Amino acid sequence: MYPWQQAAWTRLQQMRERLPHAILFHGPAGVGNAGFMESFAQALLCENVRPDGHACGSCASCGWFLQNNHPDYRRVRPEALEDEPAAEGEDAAEPAGKSKSSKAPSKEIKIEQIRALADFMNISTHRQGLRVVVLYPAESLNMPASNALLKTLEEPPPGTVFLLSSNSLDRLLPTILSRCRKFALPMPSHEEALAWLKEQGVQDADSWLREQGGAPLAALLEAESGSREEMEALLHFLANPAVDGALRTAEKLAKASLPALVAWQQRWLYDVFSVKLSGKIRYYPRYQRELAALAGRVSTGSLNRAIKAANERRAVADHPLSAKLFVEDMLLEYTSCCA
C-alpha cells in the first residue's frame, strides 16, 4: 500500500458490508492500481481481517494467496504480463538450425481465459468463503473476451466477486461499465509522489516524475532503467526537426519501445501547445527554451495536425510492420508539421 492510497483504502472499506458483485477500479497508470486491487482481493479472502481492513498475512488463506495457489482466487491478465522467458523487446538469437516457431506473448485477454473461469465458478468455495476473480488491465480484453465476460457479469455466480482495473475507461464496452461499481483511484500530488521517490533514493526525482506525467511508479521504473539516452535522442530531434535529422534519429531509435516513443512525443506536443496558450510546461521543464522557441514559430493549425497524427499513431504502435519505418514516418510527419 502506497501513501497516496490510504484514503482510497479507507473509502473502499465502506463497501464491504454491501459488497457489489463487480468493482471496476480506474485511475492513471503507474500509481499502483493493480497492487491495490490485489491487496483488496487478499483481504476479501483473509480469515482474520485486521480492523483497518487489511489482510492479516498469517492465516492459512493469506499463506495460499501469497504463494499464488489460493483455491478461491483467480487472476486474469494478458500473457505478456506473466513471467516472460526473455526481457520484453529483447531479440534473442535463435540456436543454429532452429527457426522461430513460438509467438510473442499476447497483450490481449482472450476468450479462452474467460471461459476457463467456468469450472472455477461452478465448484463450491473453500471453507464457504468468497470466490474472487481479479482481471487487469480490463482494456486489454479483446471483443470475444469482452462479450464472454459480459455474460458472466449479467448473471454473476453467487459468492463471487470480480475486481477489474482499467487505465482507460473509454476503451471498455459501455455494457461492462454499467454492470460494475466504479471506484476511482487517485493520482498522488506532485509533492507526495516526489517525497516517496526521494525515499526510494531516486536522483533527479523531480525530472523523472514530470517526464512520467506525475506517476511515481512509472518514474521509479524509468529511473532504474539507468539511461535517458533514447528519450534524449528523441527530444533533441523534436526540438530541432529536419528531414536529415529524422532519418539519423530513426536509425538510433529503431530498437526502442515504439509505444514509449509515441508517448514521449505526445507529451512534448502537449508542452508545446501548453506553452503556446498559457506559457506553462508540464512534462519537460528542462527544455523550456526549446519549447518556447518551437511554440513561437509553429502555427496552431500545424500543431493540431501533429497532435492528431501522434494520437493516431499510438493506436498502431504495438503492431508495426517495420519498427524502423514506423519511427522514420513518425519523425518525418512531425517535421512536416513543425519544421
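Colleague: Hi! How many helices and strands does the protein have?

Modeller: The secondary structure comes to 16 helices and 5 strands. Helices (H or I, at least four residues) and strands (E, at least two) are DSSP runs, numbered from the N terminus. This is a predicted model, where local features need pLDDT of at least 70 and side-chain atom pairs count only at pLDDT 80 or more, while totals for chains, interfaces and linings use all residues. Residues are numbered from 1 along each chain as its sequence is written, and side-chain values use heavy atoms, with hydrogens and water left out.

Colleague: Thanks! What does the C-alpha trace span along its principal axes?

Modeller: The trace spans about 70 × 55 × 40 Å.

Colleague: And what percentage of the residues is buried?

Modeller: Of the 339 residues, 45% are buried. Buried means under 20% relative accessible area, exposed over 50%, and partly exposed in between (1.4 Å probe, protein chains only).

Colleague: Let's look at α16. Why does its span agree with what a helix should have?

Modeller: Helix α16 covers residues 323–338, which is 16 residues, so at 1.5 Å a residue it should span 22 Å, and its end C-alpha atoms are 22 Å apart. The expected span is 1.5 Å times one less than the number of residues.

Colleague: Which residues of α16 are buried?

Modeller: They are Phe-326, Val-327, Glu-328, Met-330, Leu-331, Tyr-334, Thr-335, Cys-337 and Cys-338.

Colleague: What covers them?

Modeller: The cover includes α11 (229–239), α12 (243–253), α13 (258–278), α14 (288–297) and α15 (300–314). Contact here means heavy atoms within 4.5 Å.

Colleague: Which residues line the largest cavity?

Modeller: Gln-265, Ala-306, Ala-309, Ala-310, Arg-313, Met-330, Glu-333, Tyr-334 and Cys-337 do. Both α15 and α16 supply at least two residues each.

Colleague: How about the second largest pocket, which residues line that?

Modeller: Ala-233, His-236, Phe-237, Asn-240, Gly-245, Arg-248, Thr-249 and Lys-252 line the second largest pocket. The elements giving two or more residues to this lining are α11 and α12, and α12 has the largest share, 4 residues. About 160 Å³ of space lies in this pocket.

Colleague: Last topic, the backbone. Where is there a cis peptide bond?

Modeller: A cis peptide bond joins Tyr-136 and Pro-137, with omega about -15°. Pro-137 lies in the loop between β3 (131–135) and α6 (143–154). Most peptide bonds are trans.

Colleague: What is the phi of Asn-68?

Modeller: Asn-68 has a positive phi of about 60°, although it is not a glycine. Asn-68 sits in the loop between α3 (60–66) and β2 (73–76), and counts as exposed because its relative accessibility is 62%.

Colleague: And where does Asp-204 lie?

Modeller: Asp-204 lies in the loop between α8 (190–199) and α9 (205–211). Asp-204 has a positive phi too, about 55°, and at 43% relative accessibility it counts as partly exposed.

Notes:
On a 1 Å grid over the protein atoms alone, a cavity is a set of points where a 1.4 Å probe fits but cannot get out, and a pocket is an open set with protein on both sides within 12 Å along at least five of seven lines; lining residues have an atom within 4 Å of a point. Grid points are joined across faces, edges and corners, and a volume is the space filled by probe spheres set on the points.
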